[in-house]
Amino acid sequence: HGEVDFKEEAKFAQHLKENEAVSDFAKSKSISQQRQYLPIYSVREDLLQVIRENQVVIVVGETGSGKTTQLTQYLHEDGYTTNGIVGCTQPRRVAAMSVAKRVSEEMETKLGDKVGYAIRFEDVTSSSTVIKYMTDGVLLRETLKDSDLDKYHVVVMDEAHERSLSTDVLFGILKKVVAKRWDLKLIVTSATLNAQKFSNFFGSVPIFHIPGRTFPVNILYSKTPCEDYVEAAVKQAMTIHIASPPGDILIFMTGQDEIEASCYALSERMEQLTSSTTKAVPKLSILPIYSQLPADLQAKIFQKAEDGARKCIVATNIAETSLTVDGIYYVIDTGYGKMKVYNPRMGMDALQVFPVSRAAADQRAGRAGRTGPGTCYRLYTESAYQNEMLATPVPEIQRTNLGNIVLLLKSLKVENLLDFDFMDPPPQENILNSMYQLWVLGALNNVGGLTEIGWKMVEFPLDPPLAKMLLMGEELECINEVLTVVSMLSVPSVFFRPKDRAEESDAAREKFFVPESDHLTLLNVYQQWKANQYRGDWCNDHFLQVKGLRKAREVRSQLLDILTTLKIPLTSCGMDWDVVRKAICSAYFHNSARLKGVGEYVNCRNGMPCHLHPSSALYGLGYTPDYVVYHELVLTAKEYMQCVTAVEPQWLAELGPMFFSIKESDTSMLEHKKRQKEEKTAMEEEMENLRKEQAVSDKA
Ligand code: ADP
Ligand code: MG
């Protein structure tokens, strides 16, 4: 496509001249001038008027038009925070933090003062907070304590088009709250997608359009399907950097590993280039962004690159709509993204790489046309775009494990989930299977009601298995240890493994290994850190991420607060860690596996093959016990078990008798399977009966 490029460059050069004023704008103009330049500003009055006149409004606008950062401030300026506060939900943690920071700067207040944010295990708000950004999951949990959300005067459900699980559930809950509380305003913002559907759901409420201001984007497809999109993306970025006019680059990858690999490859190529020529090579500033990246590094993507370097941002789909970076002229789209998908037949969630939808691909391309006309390089063929990609993404609620949601709705007295007002109901099979899993964990009784343990589990902002592990720690009197394990599992990996010091860091990690368990290895790391006065330099010496450990410590103290409220005493088993393994075992029946071949396991329930990950303590020490449980399965080159613990088969039989009996002969195995199936069918029948009764009583 040489010719296309050439024309594109000429257009681009001309455009650059015209737009110098625009690009200088951010540098030279005050924040208030920047605010007035946003598309939403031109319709500020009309928008506020529509909100005054309607209880629920859908707001539609291109990404970058100012919905997230401006709307909350307009509401504040229009007096909505004199009684109650303005809450704004985000499907992603990174967005909640980053946007709150930006808005606090715009309002010239300290973050956590007038403007704050709350994400799971991190609440940066205070009594003076009037604009609160939070993940949708946080607001959903708030409905548990305050079912009418009384402290809010306005709730903005931002990025609703993402259709995250919590947003979808909130839709159903808020629809009821809005009917009850006439003083509550609800604003739902969305990219163009889905707006009509949202409006219909709330009873044909008005849709307000913010006029767009975007430039054309030239889309170039790959001629042939690409084998290795990381390599292809790196190559494309280098070509752009060397041969194309100024303008920043945005690459879409699926996750942290790929992002790190691409950044590494890019910096390597830049080094090679610099050393192989005497000519001055223009600088390239390589910036990763993904949800687990520390906040200070995340903020870097918004900063101007030093002395005219070109920025190359390598992102997950976080940069699709949640975060807007100005100055992008080139987008490289791999066409893939990671999605959590629940397989009800196997009863498990797996993070898997999928082709994105056409709507998502178009959003990605649009990122190149925010500052001027841009170019999007799609690393897939036009035919793949037309024929293989779905038109729109499948809402999360239809593809994930609903364990948490079922637990939460049950505690909100939604007895019959099949009747909940979902915009798009989840497949019945998913609901029933999630209920089944909760029943196995002991959270639901035989008729689908919450058990005592179930009620306790709801109190913890944790996935049901982890909540169960914690409560089992109570029973087995080792809650102090289990608390640490659960906290460590709730933060990103604390092991630091720089590419250029891989061997050294692996050796450091091995020193912490507890032979039979990755969970206990985590416990060991934490306890040693504690024994060394929680020191940062000690972490550095041992290739541990001090930030991650500090976060775990924070999570731990918050979970401890909840335990204290529930009057659960902190018991300890000292160094007798076998009992901790038993508690761990009780949480993961669905993730138990049995040794089949050399280093090869199969899931006890469904026979799925699964493998020890090379980073596992068990793998490292060459220890292959007959039975293990694992935290999650990650599908990459192979099905890898992430975080593994060896268990005794009799624990499985003792703690999960509905699943397992020891030393089964073939016939008893069959028998066992049959019984298992019968139990499940019985449970489903109960559910069905319950549903019928409900329907009858609803009519009466
Ligand atoms: P929308 O929600 O409609 O996509 P936003 O309100 O997020 O739009 O963004 C409006 C503008 O604010 C954009 O031009 C964006 O670049 C800028 N912006 C948002 N967050 C930050 C930040 N953390 N730092 C600098 N600029 C930001
Ligand atoms: Mg936004």
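These questions and answers cover a predicted model, its ligand shell and one of its residues. Residues are numbered from 1 along each chain as written, and chains are lettered from A and ligands numbered from 1 in the order written. In this predicted model local features need pLDDT of at least 70 and side-chain atom pairs pLDDT 80 or more, while totals for chains, interfaces and linings use all residues.

Reader: How many helices and strands are in the chain?
Author: Helices (H or I, at least four residues) and strands (E, at least two) are DSSP runs, numbered from the N terminus. The chain has 28 helices and 21 strands.

Reader: Which elements give two or more residues to the shell around ligand 1?
Author: A residue is near a molecule if its C-beta atom, placed from the backbone, lies within 6 Å of it. Around ligand 1 there are 17 residues, of which Lys-67, Thr-68, Thr-69, Arg-102 and Phe-302 come nearest. The elements giving two or more are helix H5 (67-77) and helix H6 (93-106).

Reader: Is Arg-581 buried or exposed?
Author: A residue is buried if 20 or more other C-beta atoms, placed from the backbone, lie within 10 Å of its own, exposed if 12 or fewer, and partly exposed in between. Arg-581 lies in helix H25 (residues 578-587). Arg-581 has 22 other C-beta atoms within 10 Å, so this residue is buried.

Reader: Which residues does Arg-581 touch, not counting those up to four places away in sequence?
Author: Two residues are in contact if their C-beta atoms, placed from the backbone, lie within 7 Å. By that rule, Arg-581 touches Ser-517, Leu-520, Thr-645 and Val-647.
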